[in-house]
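Open the model in your viewer and keep the selection tool ready.

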Amino acid sequence: MDSIRVFVRTVDPLTSMAVSHYLDSRPNIEVVPAEEHTPVDVVVVVAERLTVDVASTLRKIKATLNAPVIMILCEITRNDLIPAVECNVAAVLPREAASRERIEEAVRTAAAGGGLLPSPMLGELLRHFEQLQREVLAPNGLHASGLTPREIDVLRLLSHGFDTSEIAAELNFSERAVKRVVSELTGRLQLRNRPHAVAYALRMGVI
């Protein structure tokens, strides 16, 4: 099994040393020094709270490392949650509950593509998503995937092997309209071609 490469960023060197030393001692986990600038699988950030400076650090980490982040905070409010998620934060641990074992569990969960949020925060995130769908996406004819109902219909038929003329006949569109739908969605979502668009729709769970 390949090692999980972890970068640790904290507000003080003693905390950094303690977290790094423990994680580095665990099987299949390797702490990467900051100066190496090598690709990492998970970033651990320890701070008092999500200040402007910490948020700026998270944005830089997202831009340069693009790895899931584990936040260990003394305090986090509901207003911090969405900015944190937008900055690739996959797990949040209250500092008083951040035992060595919990930190290791969060690292392995994030490296596997999972997330870890306290129940109240998860509920708040789901409520925010429902509000976004109701107030922003639905009134504009959009799905959470970024696709319109018409685009989803076209992609569903593409996934069944229909060609342009067959899709047009099935949906009562012109062939030009079908081509325009495909062109607009691939351009907007930066998808390479029709198979890539179908794969995206499958991955988002809309077809």
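Predicted model: local features only at pLDDT ≥ 70, side-chain atom pairs only at ≥ 80, totals over all residues.

Residues are numbered from 1 along each chain as its sequence is written, and side-chain values use heavy atoms, with hydrogens and water left out.

**Whole chain.** Colour by secondary structure: the chain has 9 helices and 5 strands. Helices (H or I, at least four residues) and strands (E, at least two) are DSSP runs, numbered from the N terminus. From that end the order reads β-α-β-β-α-β-α-β-α-α-α-α-α-α. Of the 207 residues, 37% are buried, meaning under 20% relative accessible area with a 1.4 Å probe, protein chains only. Among contacts (heavy atoms within 4.5 Å) with a separation of 6 or more, 60% join residues 24 or more positions apart.

**Helix α6.** Select residues 149–159. Which residues of α6 are buried? They are Glu 151, Ile 152, Val 154, Leu 155, Leu 157 and Leu 158. After α6 comes Gly 161, with a positive phi near 90 degrees.

**Arg 150 and Phe 173.** Select both: Arg 150 lies over the face of Phe 173, at 4.5 Å from the ring centre. The rule for such a charge is NZ of Lys or CZ of Arg within 6 Å of the ring centre and within 35 degrees of the ring normal.

Conventions: Buried < 20%, exposed > 50% of the residue type's maximum accessible area, 1.4 Å probe, protein only.
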